[in-house]
Structure formats: structure tokens, C-alpha cells
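Here is a short note to read beside the model. Take the points in order, and find each residue in the structure as you go.

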Amino acid sequence: KIQLRGNIPYYIAEVSQNPEPVLFRIVELSTNHFISVNPEHDFPKKIAFYRRGNKIQAKVSGDQRGFELTFVKRKH
């Protein structure tokens, strides 16, 4: 989820491996993408989301490793 804490926007990742949510500060934001970082986190250190038509591409990276995921909007 995305949340303001103070006046700072964060992407908040909740994953089963971590007992608490991990906050990634949003450092770049537009109508079609955002980039969030947490240099203190072990992995990942950067998560970016890009909207491309009916798809959202997520790029997850840090410490010379990473992966990408593509989410496609399904028609009902």
C-alpha cells in the first residue's frame, strides 16, 4: 500500500518473511510510475512500478540482483 507518514510518501511492503511491514520512501512519482527506496533494507533496496497500457511492471532490485514482474489487467 502507499501511505503518507508526515508529509513523506511511502510504499509499504508486507511480506511473510518480515514480522513488520517494510517502508520504502517514494523518491520519484508521476502518473505512470513511481520509484521507492530503502537503502537500509537487506533486499530489495529499490522497488519501481511502471504502468504500460493494461500492464503494470514491477522492478525489484538491490545489491546487484533483482527481478521483474508483470501484472496484466484481465477483462471480465
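1. **A charge over a ring.** This is a predicted model. Start with Lys-59: its charged end sits over the ring of Tyr-50. The distance to the ring centre is 5.4 Å.

2. **Another charge over a ring.** Now turn to Arg-65. Arg-65 lies over the face of Phe-43. Here the distance to the ring centre is 4.0 Å.

3. **Aromatic pairs.** How many aromatic pairs are there? The count comes to four. One of them joins Tyr-11 and Phe-24, with 6.5 Å from centre to centre. Tyr-11 belongs to strand S2 (residues 8-13) and Phe-24 to strand S3 (residues 22-29). The two residues are 13 apart, so this pair links distant parts of the chain. Both Tyr-11 and Phe-24 are buried.

4. **Tyr-11 again.** Tyr-11 also pairs with Phe-34, the ring centres being 5.9 Å apart. The planes stand at 50 degrees, so this pair is tilted. Phe-34 lies in strand S4 (residues 33-37) and Tyr-11 in S2, so the pair ties together parts that are 23 residues apart in sequence. Is Phe-34 buried or exposed? Phe-34 is buried, and Tyr-11 is too.

5. **The cluster.** Tyr-11, Phe-24, Phe-34 and Phe-49 form one aromatic cluster.

6. **Strands S2 and S3.** S2 and S3 pair in the antiparallel sense, over four bridges. In this pairing, Ile-12 stands opposite Leu-23 in S3.

7. **Strands S3 and S4.** S3 also pairs with S4, again antiparallel and over four bridges. Three residues lie between S3 and S4, and the two strands form a hairpin. Ile-26 stands opposite Ser-36 in S4. Leu-29 stands opposite Phe-34 in S4. That is the Phe-34 of the aromatic cluster.

8. Val-37 stands opposite Lys-46 in S5.

9. **The salt bridge.** Side chains of opposite charge can pair when their charged atoms come close. The structure holds one salt bridge. Asp-63 and Lys-45 form it, with their closest N and O atoms 4.0 Å apart. Asp-63 is in the loop between strand S6 (55-62) and strand S7 (65-72), while Lys-45 is in the loop between S4 and strand S5 (46-52). The pair therefore ties together parts that are 18 residues apart in sequence. Lys-45 counts as partly exposed because its relative accessibility is 22%, and buried would mean under 20%.

10. **The nonpolar patch.** Which residues make the nonpolar patch? They are Ile-56, Phe-67, Leu-69 and Phe-71. The patch covers about 350 Å². S7 gives the largest share of the patch, three residues. Leu-69 is found in S7. Its relative accessibility is 38%, so Leu-69 counts as partly exposed.

Definitions and conventions. Residues numbered from 1 in each chain as written. Predicted model: local features only at pLDDT ≥ 70, side-chain atom pairs only at ≥ 80, totals over all residues. Heavy atoms only, no water. Phe/Tyr/Trp six-rings, centres within 6.5 Å; stacked < 30°, edge-to-face > 60°. Buried < 20%, exposed > 50% of the residue type's maximum accessible area, 1.4 Å probe, protein only. Lys NZ or Arg CZ within 6 Å of the ring centre and 35° of its normal. Salt bridge = Lys/Arg side-chain N within 4 Å of Asp/Glu carboxyl O. Patch = residues over 30% accessible without salt bridge, like charges linked within 9 Å, V, L, I, M, F, W, Y side chains within 5 Å. Areas by Shrake-Rupley, 256 points an atom, 1.4 Å probe, with all protein chains shown as cover. Pairing = 2+ DSSP bridges.
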